[in-house]
Amino acid sequence: MSLKQLFYTICFAALWVATGLAQTTNEDSTVTFTNWGEDGHGVQLAIALTNNAVPAGSGFSIFIRMKNLSTNIIYVGESSLGGNYSVSLKDDFGKAYILTRTPLVNTYNMLMPMHPGESRYWVKLAGVNKYYKPSGIFATQEFVPMGSYTLEVTRTFIRDKTSAQPESLKANLLRMQIE
């Protein structure tokens, strides 16, 4: 492999991970969703981790399940973290570390219908190797400090495709440790 091919391969892999394209629709049988977030218009969101302890400066996978318990079709956008998802950590003193960039324009790559009774499953990658200031646009080049945190994940969906007004749905809160 030439140096140029290696460079392009590394760039593609970094882009693949950074945009959250590393996702699956096949559910991992080792992940259990036992604690669901609040019901929002008949839709619920849950998150799970395979390991609640994460090494400082590393990445981790967030397993996300959404279920439509309403009697209506809803629409979910398929995009990266920061597009339809927001991820943050809060320490025990209430300081938030935002792990996803706030999009300048909220667009959806694809709107997929989610029928009543249907559920969807995603795996999204996040990292504690940097965090975003409250504006959500510029990342620091600092690791999230070691300590105990509450992981918060929010996802948007469209309840009415004619208005395309996104609804925000918060998952259950999980405790995690950065070591």
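In the predicted model, Lys-67 lies over the face of Trp-36, 4.0 Å from the ring centre. Trp-36 also belongs to a cluster in which ring pairs link it with Phe-33, Phe-63 and Tyr-121.

A search of the whole structure finds 6 aromatic pairs. One of them is formed by Phe-33 and Tyr-121, with ring centres 6.0 Å apart and planes at 85°, so the pair is edge-to-face. Phe-33 is in the loop between α1 (3-18) and β1 (43-48), whereas Tyr-121 is in strand β8 (residues 119-127), and the pair thus joins distant parts of the chain, 88 residues apart. Both residues are buried. The rings of Tyr-97 and Tyr-149 are likewise edge-to-face, because their planes stand at 85°, with the centres 5.8 Å apart. This pair connects strand β6 (residues 96-98) to strand β9 (residues 147-158) across 52 residues, and Tyr-97 and Tyr-149 are both buried.

Of its 179 residues, 41% count as buried. Among contacts between residues at least 6 apart in sequence, 69% join residues at least 24 apart.

Ala-56, in the loop between β2 (53-54) and β3 (59-68), has contacts with residues including Val-128, Phe-143 and Met-146. The C-alpha atoms of Ala-56 and Met-146 are 6.2 Å apart, although 90 residues separate the two in sequence. Ala-56 counts as partly exposed because its relative accessibility is 30%.

Notes
Residues are numbered from 1 along each chain as its sequence is written. This is a predicted model: local features need pLDDT of at least 70, side-chain atom pairs count only at pLDDT 80 or more; totals for chains, interfaces and linings use all residues. Side-chain values use heavy atoms; hydrogens and water are left out. Helices (H or I, at least four residues) and strands (E, at least two) are DSSP runs, numbered from the N terminus. Buried means under 20% relative accessible area, exposed over 50%, partly exposed in between (1.4 Å probe, protein chains only). Contact means heavy atoms within 4.5 Å. Rings of Phe, Tyr and Trp (its six-membered ring) pair if their centres lie within 6.5 Å; planes under 30 degrees apart count as stacked, over 60 as edge-to-face and the rest as tilted. A charge sits over a ring if NZ of Lys or CZ of Arg is within 6 Å of the ring centre and within 35 degrees of the ring normal. Lists of a residue's contacts leave out its neighbours within four places in sequence.
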